[in-house]
Structure formats: C-alpha cells, structure tokens
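Keep the structure open as you read.

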Amino acid sequence: MHGDSVRKVWSEAELDEALACLHAEPVTRRDELSRARAALLRAAGEVEDELLPTLTPPARRRPGAWRWIAAAAAAALVSGGGIVATNAFTGGDGPAPADHSVVGPNEAALESLHGDDFPLRDDQYRLVTESTWTTRVTKSGLVYQTHEILERWLPAPGWKPFKSRFTGTGEIRWIKGDYQTAKRNGEALPGPSSSVSVNDGPPPQPTATTTSSPPPPPVLPPQDRLPSESGWTHPATDFLKELPIDPGKMADRLRHDGIWPDGRPAELPNSAPEMFEMAFNVLRSSQGFGAQRVALCKALARMPGITLETVTTPDGRPALSYSVTMPDRTRTFIVDRATAAVVGSRAVRSNDIREGWPGLTLFDTTISVVITDDDGP
C-alpha cells in the first residue's frame, strides 16, 4: 500500500481530547432527572391501574413491559446509573408474569372475539355434537379410554322438545393393559350402545373416570333452587336472555351470583373453579346469544385464577384457551374466536399428585354446532 493512499484520521490533539471526554464525569441536570423519574412513575401507574386478563406470555414482546423498561432506562441513563433486567412487573423476586394481570398481545385476540347467534328458522335445529374420549381405571389397575358421542337437537324457543342421542361407540384406546389382560382379570369392557331421549333437561356431563360411575349429585326441586343456580347450571333461554352484554356487568354476575343453595353469604365471591364452570355451562348450552357469550369470555379472562392462552384448533382455526387449576386436576375449554362458541373441553390430572396417574387426561371432548333441517331421531 502506497503512502499517499493512507488518510490521516486522528491528530494527536484530537486523540487526547477524545480520551478526556471518555473519562470525564457525567453531568447530570436535575430537571432532566426529575422528568425521567416522573415518566417512570407514570408508566408504573398505568400498568397498576388497568384491569387486564391473566395471559400466558406469548413469544411476541409485551408493549407494557417494554414501556416499563424504557422508562427505567431513561431514568438510569440520566442519573448515570445502570440497569439490571428483572421481571419488570413484580421485581426480581416476584412471581412470573403469568400469575398476574399483565398487558399482552392476547388482549387484541380477546377483543377480536365475534359472537355468532346461530340463527334458526322455526323448522330448523341447532345440532350440537360432543365427541368425548373418557378415561377409565379398572379395579385391577388397567387404564383405557372409551369413545362416546352426544348429539343434541336444539329447536328455536317454542313448543318443540329437545332431543338427544347418546352413543357408546365401543371403541377403546388402551393406556395400560390390553384386551387379553382385561379378559384374564375378569374385567367387563363396555360395548356399543345407544339411547335416545326427548325432554328439556340438561345434557349429561362427561365425568366418569372409572368403570363404576359415581352417583349423580342430588337434584333439588325447582322451588328449592336459587334462581341464579338453576340458570348457571342448567341455562335456559329465559336465563340467557337476561344476561348482560357488558363485560364489566357480566364479571359482577360471575363473582357474586349464587350457584349452590348452601346458605353461603351472597357477599362472598365465587371461586375461580366455580366461575369457570358457570361460564362453561352457558357456553356449552349452545342456545345462541352471541353477544352474551362474548361478554362472558371477556369477563372470565379477567378473573384471578383463570389462565388465558391463544391457541389453534386441530383444523387451524384461531381460538382462546381458558384454564383453571383445581386441587386434583386442571380444567380447560376452548373457544373459537370467530364465533365465541366452545369447541373443546378437557380435564387433566395434576402432575403433583403422588397416586392415581399424574398428568393423565381424564376426558377430552370436541364440540361442534351446525344448523340442520333434520329433526333428529
């Protein structure tokens, strides 16, 4: 390389001046420091005052978290301090963001919910199909799943009765054991079966986890039920019609409506599992009322103890997953974002249970609603 091709970038004086600036003490202006600290406090106040859903942190960055970090960075830079990145919402020793109401992109998914009323003509039905795999544990320790299908023909409100058909397909998925072992142990396995009913009662719930089903809870006469209890557990059109479409008012109903006639004071709020089941019963009723379903989904998402996630259904539809943790299991239901209709439900045994197959799926149900002219069996 020739000498005339080398350009002199720094002079000796310039280098000395640059080094002096590098090691000089920072000059802090008190007005800038005050403004930065005020911005930090405003950012903290905005997050603490919002009522937002419990969301599992998605891969995308949360705008609220970066607002905190940016404000903290401004204060630290102006004062000449440093930053240690910790949980921006709870402090370094606090719980994970999923344990609290936080800002997140899932809020946009919640706001995008659309409620389909599934409108009917007088001669049409809503055909609700629930396909369930139920886990059963035998006395000899074998574990398997059976496949049941419940179909409900729901007419427009009027004189027509509700029709339902329950089908045991006879299909079995083995988790522990096989047919030969069951036969050798003298276990009776369920075969195909079918039954039809015509009534206006509530649909059965998939709860069986053993070969001998537990006895059903006692049914109280209608006059002995609290009005809200009969509605939240067996939602009829009259009850659904009077539910609010405002999420805040719906949240108040979830918290304070009595659901069991046990003499509990009305001011004692319902627990997260109770609110979860109340919401699921209404969604599962599949009686239309899309605006009420949307309000219910938004209200439930904001309840302590309820976890909300954005998911995709097996056929690729955007959906929301609601979960609640109970002492022995985690309950989940899935809501289609395009219709606010429940499309799935399951229960999984807790992983920290020492006995009884921790992590075992107790039941897994897929749910669909179609409009049909067929009046059923």
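Arg253, Leu254 and Arg255 in helix 8 meet Met275, Met278 and Ala279 in helix 9. Contact here means heavy atoms within 4.5 Å. Four nonpolar, no polar and two charged residues make up this contact of helix 8 with helix 9. Ala, Val, Leu, Ile, Met, Phe, Trp, Tyr, Cys and Pro count as nonpolar; Asp, Glu, Lys and Arg count as charged; the others, Gly among them, count as polar.

The model is predicted: local features need pLDDT of at least 70, side-chain atom pairs count only at pLDDT 80 or more, and totals for chains, interfaces and linings use all residues. Residues are numbered from 1 along each chain as its sequence is written, and side-chain values use heavy atoms, with hydrogens and water left out.

**How the helices cross**

Helix 8 covers residues 247-256 and helix 9 covers residues 272-285. Helix 10 spans 290-301. Helices (H or I, at least four residues) and strands (E, at least two) are DSSP runs, numbered from the N terminus.

| Pair | Angle | Axes apart |
|---|---|---|
| Helix 8 and helix 9 | about 120° | 9 Å |
| Helix 9 and helix 10 | roughly 160° | within 11 Å |
| Helix 8 and helix 10 | about 70° | 8 Å |

Axes are lines fitted to C-alpha atoms, for helices over the stretch in contact, and angles run from 0 to 180 degrees between N-to-C directions. Angles under 35 degrees count as roughly parallel, over 145 as roughly antiparallel, 65 to 115 as roughly perpendicular and the rest as oblique.

Helix 8 and helix 9 pack at about 120°, and are therefore oblique to each other. Helix 8 passes helix 9 in a right-handed crossing. A crossing is left-handed if the near helix is turned anticlockwise from the far one by less than a right angle, and right-handed if clockwise.

Helix 9 and helix 10 cross at roughly 160°, and are therefore roughly antiparallel. Their crossing is left-handed. From helix 9, Met275, Phe276, Ala279, Val282 and Leu283 meet Arg293, Leu296, Cys297 and Leu300 of helix 10. That contact has eight nonpolar, no polar and one charged residues.

What is the angle between helix 8 and helix 10? Helix 8 and helix 10 pack at about 70°, so they are roughly perpendicular. The crossing of this pair is right-handed. Helix 8 brings Pro247, Met250, Ala251 and Leu254, while helix 10 brings Gln292, Ala295, Leu296, Lys298, Ala299 and Leu300. By class, the contact has eight nonpolar, one polar and one charged residues.

**Cavities and a pocket**

On a 1 Å grid over the protein atoms alone, a cavity is a set of points where a 1.4 Å probe fits but cannot get out, and a pocket is an open set with protein on both sides within 12 Å along at least five of seven lines; lining residues have an atom within 4 Å of a point. Grid points are joined across faces, edges and corners, and a volume is the space filled by probe spheres set on the points.

How many cavities of 30 Å³ or more are there? The count is two. The largest cavity has a volume of about 40 Å³. Its lining is Phe118, Leu283, Ser286, Arg293, Ala341, Val342 and Val369. Five of these are nonpolar, one is polar and one is charged.

The second largest cavity has a volume of about 30 Å³. Leu240, Val282, Ser285, Gln287, Gly288, Phe289, Gln292 and Arg293 line this cavity. Helix 9 and helix 10 each give two or more residues to that lining.

The second largest pocket has a volume of about 270 Å³. Its lining has 16 residues, and Pro314, Ile334, Val343, Gly344 and Thr366 lie nearest its centre. Strand 5 (306-312), strand 8 (342-349) and strand 9 (361-372) each give two or more residues to the lining.
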